[in-house]
Structure formats: C-alpha cells, structure tokens
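Colleague: I am new to this structure. Please take me through it, one topic at a time.

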Amino acid sequence: MKENPVEQPCLRRRHLLAAAGVVGVGVPLVAACGPDEQKHAPPKAGTELTTTDEVPVGGGVIVGNVVVTQPTSGEFKAFSAVCTHAHCLVTKVDHAIECPCHGSKFALVDGSVEQGPAGDPLPQVDIVVDAKTISTA
Ligand code: FES
C-alpha cells in the first residue's frame, strides 16, 4: 500500500482560532488556512495516480488527496481523500476507507458513509484506466 504524501490533516478555522487564543497571534494563523485547503484540491485531469497492480482487490491506495479503490477485481474507483466530516485526510484503506480523526468509514465502491460522524460521502474523482495506468479524467 502506498504512503500518503500529504500527511498533515487540514487545520480548520476553529482549530486555528483556538490556537490563536492560546498564543495570541490570530491573524497570521487564520491566514494560513487557505493554502492548506488548496492542498486538498483534486489533481488536474491527466495526472497519473497509480497502476492497477498497486491497488489491492477489496482495498485501495491513497495517492496525495485521492484514494483509488478496487472493490471487485478489475473495477477501479477514485474519491477525494478529504474526509467530509472535518476535512482530515483519510489514512487507511482496508475493507473501507478510514479517517483517523474521528473514525468515519467510507465504502470502497461508492464512497458512501459506512460509519459516522461524517454525514456525506467522499466525492468521486473521475479516472481513466489505460493499460495498467490509472489517471484522473
Ligand atoms: S474528519 Fe474524518 S471523521 Fe472527523
């Protein structure tokens, strides 16, 4: 399984405001949230994500801010790796896509919520499979 190159979950505004209250430097910290959120944007069309050999059947791999799954043999799906609960990056794909922050789990086949607190599915990312290469569409 591939390691996630984006290892830091996004710091949300409320976390930054709490930190600012502790250290008394509100404006620079709040301004720092924008670039973090920009890192969570999906890659542009045509970006190579992985190969079919690297995606286990009944599992998946996390490539940056995209998770690529293979729910059944030969069926590939991709979703945003940004949790819909509080925007952490998911970090584990086994029988489900798992978020480490509060324990949400999402289905490999359609990104739907299997376990909250997330209430919304992971957005699907369109992909193309050309020979063994999986890229964004
Ligand atoms: S951010 Fe994923 S469960 Fe809360």
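## Working through the model

Modeller: Let us begin with A96, which counts as partly exposed because it has 19 C-beta neighbours inside 10 Å. A residue is buried if 20 or more other C-beta atoms lie within 10 Å of its own, exposed if 12 or fewer, and partly exposed in between, with the C-beta atoms placed from the backbone. Please note that this is a predicted model, in which local features need pLDDT of at least 70 and side-chain atom pairs count only at pLDDT 80 or more, while totals for chains, interfaces and linings use all residues. Residues are numbered from 1 along each chain as its sequence is written.

Colleague: Where is A96 placed, and which residues is it in contact with?

Modeller: A96 sits in the loop between β5 (92–93) and β6 (97–98). Strands here are DSSP runs of E with at least two residues, helices are runs of H or I with at least four, and both are numbered from the N terminus. Leaving aside neighbours within four places in sequence, A96 is in contact with K105, F106, A107, L108 and E114; contact requires C-beta atoms, placed from the backbone, within 7 Å. From A96 to L108, 12 residues apart in sequence, the C-alpha to C-alpha distance is 5.6 Å.

Colleague: F106 is on that list. Is it buried or exposed?

Modeller: F106 counts as buried because it has 28 C-beta neighbours inside 10 Å. It belongs to strand β7 (residues 105–106). Beyond four places in sequence, its contacts include A96, I97, V113 and L122. The C-alpha atoms of F106 and H95, 11 residues apart along the chain, are separated by 9.2 Å.

Colleague: Let us step back. How many helices and strands are there?

Modeller: The protein has 3 helices and 10 strands. Along the sequence, the pattern is α-α-α-β-β-β-β-β-β-β-β-β-β. Buried residues make up 26% of its 137 residues.

Colleague: Which strands form the sheet that contains β3?

Modeller: The order is β2-β3-β4, an open sheet of 3 strands with antiparallel pairing; two strands pair if DSSP finds at least two bridges between them. Its edge strands are β2 and β4, each pairing on one side only. The twist averages 25° from one strand to the next, where axes are lines fitted to C-alpha atoms, for helices over the stretch in contact, and angles run from 0 to 180 degrees between N-to-C directions. β3 and β4 are joined by 4 bridges, and V68 stands opposite A78 in β4.

Colleague: What is the order of the open sheet with β10 in it?

Modeller: That order is β1-β10-β9, again 3 strands with antiparallel pairing. β1 (48–51) and β9 (127–130) are the edge strands. β1 pairs with β10 (residues 133–136) over 3 bridges, with T50 opposite I134. β9 and β10 share 4 bridges, and I134 is also the bridge partner of V129.

Colleague: How many residues lie between β9 and β10 in their hairpin?

Modeller: There are 2 residues between them, and A131 in the turn has a positive phi of about 60°, although A131 is not a glycine. A131 counts as exposed because it has 7 C-beta neighbours inside 10 Å.

Colleague: Where is H87, which also has a positive phi without being a glycine?

Modeller: H87 is in the loop between β4 and β5, with a phi of about 70°. It is partly exposed, since 17 other C-beta atoms lie within 10 Å. As another backbone detail, a cis peptide bond joins G116 and P117, with omega about 25°. P117 is in the loop between β8 (113–115) and β9.

Colleague: Which residues touch the most other members of the largest nonpolar core?

Modeller: Of its 25 residues, these are V66, V67, V68, V90 and I97. Such a core is a set of buried Ala, Val, Leu, Ile, Met, Phe, Trp, Tyr and Cys residues joined through C-beta atoms within 7 Å. The elements giving two or more residues to this core are β2 (59–63), β3 (66–70) and β4 (77–80). Among the contacts of I97 beyond four places in sequence are G60, V67, F79 and V90.

Colleague: Lastly, what pLDDT does the protein average?

Modeller: The average is 80, and 72% of the residues score at least 70; pLDDT is the predictor's confidence in each residue, from 0 to 100. Over residues 1–34 pLDDT stays under 50, and the model has 39 contacts beyond four places in sequence for them.

Conventions
Two residues are in contact if their C-beta atoms, placed from the backbone, lie within 7 Å.
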